[in-house]
Amino acid sequence: MRWKTSTAAVYNLSYHLIWCPKYRRPVLAGIEGRLLELLYEKSKQLGVEIIEASIQPDHVHLFVKTKPIHPPQFVVGQLKGYTSRILRQEFPKLKSRLPTLWTRSYYVDSVGKLNEYTIRKYIEEQKGY
């Protein structure tokens, strides 16, 4: 179903999100599976739906659908904070190589229905790199 409803709104909010480890270091190689688990776990808690995801050694791509009460900066902040805390506990090498796991910045693009196929295809193609 294209639209979702709440007590106050009918909506279809989709975002393409990208963020990188600090200094864009390729530290995500080998921990992609655990990072994906954590992203899905936290997004479920938030009520955010991950439609497509791709973890590269030096960046993360997500295509998400969210509620109007969750602006993109909230979603990104929650996902980055949660994954950083747990990954740095489970993989101590991340602590020794970086002062923080993620950069402060991120990329966000709102995605309309007409662009959804293009974004999904792009993210799917990233998995091969």
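Student: Why is Glu52 called buried?

Tutor: Let's set the value against the cut-offs: buried means under 20% relative accessible area, exposed means over 50%, and partly exposed lies in between, using a 1.4 Å probe and protein chains only. Glu52 has a relative accessible area of 11%, so Glu52 is buried. Before we go on, note that this is a predicted model, in which local features need pLDDT of at least 70 and side-chain atom pairs count only at pLDDT 80 or more, while totals for chains, interfaces and linings use all residues. Residues are numbered from 1 along each chain as its sequence is written, and side-chain values use heavy atoms, with hydrogens and water left out.

Student: What makes Glu52 and Arg120 a salt bridge?

Tutor: The term asks for a side-chain nitrogen of Lys or Arg within 4 Å of a carboxyl oxygen of Asp or Glu. For Glu52 and Arg120 the closest N and O atoms are 3.8 Å apart, and the pair forms a salt bridge. Glu52 sits in strand β4 and Arg120 in helix α4 (residues 113-126), 68 residues apart, which links distant parts of the chain. Helices (H or I, at least four residues) and strands (E, at least two) are DSSP runs, numbered from the N terminus.

Student: How far apart along helix α1 are Glu37 and Arg34?

Tutor: They are three residues apart, which means a separation of about one helical turn. Their salt bridge has its closest N and O atoms 3.0 Å apart. Glu37 is partly exposed at 47% relative accessibility, and Arg34 is partly exposed at 24%. Salt bridges that share partners join Arg34, Glu37 and Glu90 into one network. The structure holds five salt bridges.

Student: How do you know that the buried residues of α1 lie on the same side?

Tutor: Those residues are Leu35, Leu38, Leu39, Lys42, Ser43 and Leu46. They cover an arc of only 125° around the axis, which puts them on the same side of α1; the arc is that of the directions from the helix axis to the C-beta atoms. The face turned away from this buried side carries the exposed residues Lys44 and Gln45. Among the elements that cover the buried residues of α1 are β3, β4, β5 and α2.

Student: How does the reach of α2 compare with what is expected?

Tutor: The expected span of a helix is 1.5 Å times one less than its number of residues. α2 has 19 residues and reaches 27 Å from its first C-alpha to its last, close to the 27 Å expected.

Student: What joins the side chains of His59 and Asp58?

Tutor: A polar contact of 2.8 Å. The term means a pair of N or O atoms within 3.5 Å; within protein, one must be able to donate a hydrogen and the other to accept it, and residues adjacent in sequence count only if both atoms are side-chain atoms. The side chain of His59 also makes a polar contact with that of His61, at 3.2 Å. His59 lies in strand β5, and His59 counts as buried because its relative accessibility is 10%.

How values were computed. Contact means heavy atoms within 4.5 Å.
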